[in-house]
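Good morning, colleagues. Please look at the structure on the screen while I take you through a few of its residues and elements.

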Amino acid sequence: MTAPDPPNPEAEALRQRISRLSAAVLRISSSLDMATVLQEVVDSARALTGARRGAITTIDGSGQLQDFVTSGFTREEYRELSGWPDGQRLFEHLRDLPAPLRLRDFDAHVRSLGFSSGLMLTKAFQGIPMRHRGVHVGNFFLAGKEGAPEFTAGDEEVLVLFASQAAAAIGNARTHRAEQRARADLEALVETSPVGVVVFDARTGRAVSLNREARRLIEGLGSPGASPEDLLKVLVCRRGDGREVSLAEFPLAGQFSSAEAVRAEEMVFSLPDGRSIETLVNATPIRADGAVVSVVVTVQDLAQLRELERLRIEFLGMVSHELRAPLSSIKGSATTALRASRVVDPAEARQFFRIIDEQADRMDGLICDLLDVGRIEAGTLSVDPEPSDVAVLVDQARNTFLSGGGRHDVSIDLPPDLPRVMADHQRVVQVLNNLFANAARQAPESSPIVVEAAHEGVHVAGSVCDEGLGVAPELLPQLFRKHSGLVAGDRKPGTGRTGLGLAICKGLVEAHGGRIRAESEGIGQGARFTFTIPVAEETGGAETEVIEDRARATRTGREATRILVVDDDPQALRHVRDVLAAEGYEPIGTGEPGEVPELLRAKRPALVLLDLMLPGTDGIALMESLPELAALPVIFISAYGRDDTVARALESGAADYIVKPFSPTELAARVRAALRVRAEPELFVVGDLTIDYGRRRVSVAGRDVPLTAMEFELLRLLSANAGYPVTYETVLRQVWAGRDSGDAGAVRAFVKNLRRKLGDEAEDPAWIFTERGVGYRMPRPDRL
C-alpha cells in the first residue's frame, strides 16, 4: 500500500488564496447597488491581503472623481486624510497609475514627489488600477499590512486578478444605475404626462398601470371608489366610424388577444346614466414570441382642446368685431365727405375728421393691445422700472381715463406714508387705465370707481373697486386669460368683463415682479382687482440698500449674491444664468438634481431657482426631500401654469412661481423681491436678548456676549426661523457645512454651551426652546 503524499504547504496556501479570491468575487458580484459594491470591493481587498486600511475611488470619462469609499479608518485618521492640503494633487497623481504600485515606505515616496510631509498613516502601500473593457474606471489602495512591513508580490498578483473582477462589478453597477435612472425618468415622464396612459394585461384584460391623468379621467367619469375594472364593465365606446362597442359584451381579454394598433382615433366613452367623455385614443399592442402580452393605451381628454378651440374662435370674432366697428366709422365718414352732392360745411367736415381721428386711435390702441399680448406670451415684454410715487401714478391714470371720455367719478384713497415703488411709469398707468375702463363697463355712471393702496411687506398692493355687476365665483380664475371668452362690453350679469385688457394687466404686473387677482362676492356685488408692485425703498432704506448693493456687487468688485439655478434644459439654464449675471448676481447652474445637496453645502446660495420637472423627480419632491431648502427662498420656474400646479408649489413652501416664457425684467424683479423678503433685519430683539446682525454682536440686558463664529451662526439660524422648529439635520447642514461632520449629540452639546453663555436655562428657557426629537426653536421677536 502506497503511503499518501506529504502535505505541500505552498499548494495548500495557493488553494486557500484561490478560495478566498473566489469568495470575494462572489460577494462583489452579488449586488448591483453601487455603494454596496464599492464597500465590498475595498473590504474584500483588505481581507485578501491583511491590509489595515483601504480606499477605493471611481472616476468618470473625464477623469473626475465620482465615488470615494474607505475601510478601516478611524474618525481621526479619516479627518487627517481628508484635511491633508495636498490630497487633491496626490489623487490626480495616483489616479493615472499605468500599473500596480507597491511601496515599502509610502511617506518617503510622497515626499520625493514634492508633496508636503505629515501624512503618517502608513508605510506599506499597494495601489491597483481597475479597468473594464479597456476603460479605466478607478483604483483601490491598501495601506499597512498586518504582521509584515510590506505587501508581497503574491498579494499584488491576487489583487490584479481581483481588480479585473471588481472593475466588471463596478461596470455592471454603473449600467444598473443608468438603467434605474432612465427608468425613473421614464416613469416620471409618464406619470406627469397630461395624456392618460393605461397598460392592460392582454391575457386577463386587467389594467395593470395607470398614470395620474388616467386616474383623473376615471374618477371624473366613474362613481367615487369605483375601480377601473368596475367602470369598464358598464362602459360603451363609440369609435370614429360610428361603431359602438359594449365592453361588457366583448371582454377586453378577448379583444386584446388580437389587438390592433389604433392611431389618433376620436372615441366617445359613455355610461348608461348619460355621462360621457370625448377622447383621442392611441393603442399599441406589445408582442412577445408572436403573441400580444400587453396593450398600451393613451387617452387624451378633448374637452379642454374643444374649449380652447371655441375660445379661439370667439376671440377672433371679438377682435374682428372690435376692428370692424372703428373701420366702419372711418369708412362711413370718409365716404360721406367724398360723395357729398354739395360742398361740405367746414364745421361738418371737422366733425367727420374728428370721427376718423378718434376711430383711428381706437384701432391703434387695439393693435397695440394685440402686440402686447403677443409679447407677453412670447416672454419678450420688458419694462423699465424706476422709483415712482404711487400717488403720481394713480393721478395720471385718472386724468388719462377722464380725458379719454370716462364718465365715472374716480375716488382715490391712499395712505400718506406709502413707500415708492419700482415701476415703469407708462406701463403701470396702462394697467390702471385698463382696470378703470373695465370697471366703467360694468358699473352705472352714478357709482364711483374707488382706488386704494396698502403697504404689504416688500410690495405695495393697489386695488380698483367697482359697484357693478360682479363676477360669478367660477369665472374668477378665467378673467386674466386671453381666450377667456369674456367679450368687451358684455353686460350680461356675471359673464363678461373684457377681451384683452385684463390679460395685458396680468402680463404687465408680472413683468414688474408682482401678482394680480380678482375678488367678487357674486353677481351684483361688484368686483375688486388688486395688483402688487415691488417697493423701491423702505423707511430708512437700510434693508433695500443691502439687497441692491448685493445685486450690484460684481460691478464694484465685492462678493456677489449667489443664486443656484436647477434646470435640465441647457438653453433655459443659460438664459437664466445670463440674466442673473447681467443683474450682478453670481449664478451657479446645474441640470442634475443629485448635485443640489452638495452645491447647497459648498456654495451656500442666498436663493434657489428650481425647475418643476427634473430628471427622475420633480422640483416639489426635491424641495420636500431636502430640509436645507426650507431655510432658503425657492422660486419655481416652469412651463406648467395651471392653477393647481402653482398652488401645490406655493403650498410646499416656495417663495414664488414664474411661468415660462418670462422676460428678463420679470425674472430680475421676482428675484429681488424674494431676496428682500428674506433679508435679515438690522436687529432681532426678544426680551433682554438683542442680536445685531450687521455688527455680528449679541447682548443680554445690555451686556455683550462674546460668541464664536459657529455659535453666532447657530443663533442667526434659529432667530431667522423664529417661531418654527429648526431640525438637527438643518443645523448640521447650515452650521456645520464645510466643517467636521457632527451629529445630534454634538448639536446638543453646542446648544448647551450657547445657553450657558446667554444665561438661558434648559429647564425654563427664555430664548432657546427644545423641541424633543426634532431640534430647537426661538420665540418670535418683540420687534425687528
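This is a predicted model: local features need pLDDT of at least 70, side-chain atom pairs count only at pLDDT 80 or more; totals for chains, interfaces and linings use all residues.

**An aspartate and its surroundings**

I begin with D67, whose side chain makes a polar contact with the side chain of T58, at 2.6 Å. A polar contact here is a pair of N or O atoms within 3.5 Å; within protein, one must be able to donate a hydrogen and the other to accept it, and residues adjacent in sequence count only if both atoms are side-chain atoms.

Residues are numbered from 1 along each chain as its sequence is written, and side-chain values use heavy atoms, with hydrogens and water left out.

D67 belongs to strand β2, residues 65-71. Helices (H or I, at least four residues) and strands (E, at least two) are DSSP runs, numbered from the N terminus. Is D67 buried or exposed? Its relative accessibility is 16%, so D67 counts as buried. The classes are buried, under 20% relative accessible area; exposed, over 50%; and partly exposed, in between, with a 1.4 Å probe and protein chains only.

Setting aside neighbours within four places in sequence, D67 is in contact with M34, L38, I56, T57, T58 and R177, where contact means heavy atoms within 4.5 Å. For D67 and L38, 29 residues apart along the chain, the C-alpha atoms are separated by 8.6 Å.

**Two loop residues**

R133 has a phi near 55° and sits in the loop between β4 (125-132) and β5 (135-145). With 78% relative accessibility, R133 counts as exposed. D289 has a phi of about 55° and lies in the loop between β11 (276-288) and β12 (291-301). D289 is likewise exposed, at 86% relative accessibility.

Helix α10, residues 303-339, has 37 residues and reaches 52 Å from its first C-alpha to its last, close to the 54 Å expected. The expected span is 1.5 Å times one less than the number of residues. Among the buried residues of α10 are L311, F315, E322 and S333, and their cover includes α11 (346-378).

Overall, the protein has 24 helices and 33 strands. Buried residues make up 44% of its 784 residues. Of the contacts between residues at least 6 apart in sequence, 62% join residues at least 24 apart.
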